[in-house]
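This report goes through a complex of two chains part by part. Please look over the sequence and the structure before reading on.

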Amino acid sequence: MAQQQITHAIQATNLADILERVLDKGIVIAGDIKIQIADIDLLTIKIRLLIASVDKAMEMGINWWQSDPYLSVKADAIERENRSLRERLYRIEKKLKTK
Amino acid sequence: MGVKVEGLYLYCIREKTEDASAFSTKGIDGKGEVFTLTYSELEAVVSKVSLREFASEEIQKKSQEDLNWIKEKAVAHEEVIEEAMKKSVRLATGNDKILSVIPMRFGTIFKEEAGLGETLNKDYPRIKEVLDTIRGKQEWSVKVYLKDREKLEHVIKKKNEAIKEKEKEIASLPEGMAFFMEEELKETISREVDKELNNIVEVLFESLRQHAVSSIKSRILEKELTGRREPMVLNSAYLIPEEKIESFKKEAEGLNQEIQAKGFYLEYSGPWPAYNFTVFAGLENPAYR
């Protein structure tokens, strides 16, 4: 069997893989002491906070705020305004055509 | 003060190996030797840790707040388990045999050996059951990323008649109206892209799981965690019988070729400790479906 070297999981993949597994999965056995690590959502937020500037974030291709529900409330308002403008424009162009 | 100085940090449980060779990986504290304790058919992989340190408020705080500490310790935990998997028998092919191990979640410490023994004794039937499900199998991971959304858009535009029609219509409109129609079209395309994306991911997952006895879709990791520019679109794990590993890898490589034409790429890795497939029956575990 043409077997190549077994890929070492740590080398082959991102740290994210390890965090995801070690912190969220695996068997939980009742020990005497449990070190409770921040969950992965909280970690994500912490990493976000570390990415201080918008420029830096954009550079890394991070634009999560565009889908942030709080921020997208504004997007809704813009969407509504767009629609009414579109209707007005349609009426104007129609009028121009018929003249 | 009656406080015991040293406790035992538990990494994983495996079947008894009779392998006495020492671990080269250091323990969670960076200095403790890793060793095994045998309880009838089982072996617990542990290292000694200072209770003064690991039972302290300071550690509990670090584990909530200190990213560097979390990274370092999570990796240390993983490295010990990986060594526990790959130890023991070296095969004629030069590869290490992969042992079935049950990985513990991070952070389980026993104050004394007796306590660990009691717990393992109490949980023995369940542990045995889990070992039976993973024996002779390996966990592999496949992650898919969308590298080039425009490429996928292009593929869709080429085959979607409705979109083609709309584009023609726009070309004949006055400039102002065309602008808004274009915006609308962009939305339609974006929806179509999402639909196609889901289809592709589904087909991929189905093809890969043919080689596995169990498979699972895990949460999509965000860019902050992956540190990649491309969004992850599938995060999956497979429990694969040893004799099917090669065919699984071939499948993954073939699929990778296929999806690159559509703007995706995939990465597979393994063998991992079977984190995704070791769960006590009847216990709540969100990672398991």
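The sections below cover confidence, the individual chains and the contacts between them.

## Confidence in the model

The structure is a predicted model. For the complex, the predictor reports an ipTM of 0.78 and a pTM of 0.78. The average pLDDT of chain B is 88, and 92% of its residues score at least 70.

Where pLDDT is low, the predicted coordinates should not be read in detail.

## Chain A

Chain A has 99 residues, of which 17% count as buried. Its secondary structure consists of five helices and one strand. Along the sequence, the elements of chain A follow the pattern α-α-β-α-α-α.

## The two domains of chain B

The domain assignment divides chain B into domain 1 (6–135) and domain 2 (139–277). Taken over C-alpha atoms, the centres of domain 1 and domain 2 of chain B are separated by 36 Å.

How many residues of domain 1 of chain B are in contact with domain 2 of chain B? Nine residues of domain 1 of chain B are in contact with six residues of domain 2 of chain B. On the domain 1 side, the elements of chain B that give two or more residues are α3, β4 (101–103) and α4 (113–134). Of these, α3(B) gives the most, with three residues. By class, this side of domain 1 of chain B has seven nonpolar residues, one polar residue and one charged residue.

## Helix α7 of chain B

Helix α7 of chain B covers residues 175–209, which is 35 residues. At 1.5 Å a residue, this helix should span 51 Å.

Which residues of α7(B) are buried? Among them are B:Leu197, B:Ile200, B:Leu204 and B:Leu208. An α-helix has 3.6 residues a turn, so residues three or four places apart point the same way. The cover over the buried residues of α7(B) includes β6 (137–146), α5 (149–159), β8 (232–241), α9 (245–260) and β9 (264–272) of chain B.

B:Phe180 also lies in helix α7 of chain B. Is B:Phe180 buried or partly exposed? B:Phe180 counts as partly exposed because it has 18 C-beta neighbours inside 10 Å, while a buried residue needs 20 or more. B:Phe180 and B:Ile170 are ten residues apart in sequence, and their C-alpha atoms are 9.4 Å apart in space. Leaving out residues up to four places away in sequence, B:Phe180 touches A:Arg86 and A:Leu89.

## Where the chains meet

Between the chains, 56 residues of chain B are in contact with 43 residues of chain A. Helix α3 (residues 67–86) of chain B supplies the largest share of the chain B side, nine residues. By class, the chain B side that touches chain A has 25 nonpolar, 20 polar and eleven charged residues.

A pair of strands also links the chains. Strand β1 (residues 33–34) of chain A is joined by two bridges to strand β5 (residues 108–110) of chain B, and the strands run antiparallel. Which residue stands opposite A:Lys34 in β5(B)? The residue opposite A:Lys34 is B:Thr108.

Conventions
Residues numbered from 1 in each chain as written. Chains lettered and ligands numbered in written order. Predicted model: local features only at pLDDT ≥ 70, side-chain atom pairs only at ≥ 80, totals over all residues. pLDDT = per-residue confidence, 0-100. Contact = placed C-beta atoms within 7 Å. Helix = DSSP H or I, 4+ residues; strand = E, 2+ residues; numbered from the N terminus. Nonpolar A, V, L, I, M, F, W, Y, C, P; charged D, E, K, R; others polar. Pairing = 2+ DSSP bridges. Expected span 1.5 Å × (residues − 1). Buried ≥ 20, exposed ≤ 12 C-beta atoms within 10 Å, placed from the backbone. Domains from an automatic or database assignment.
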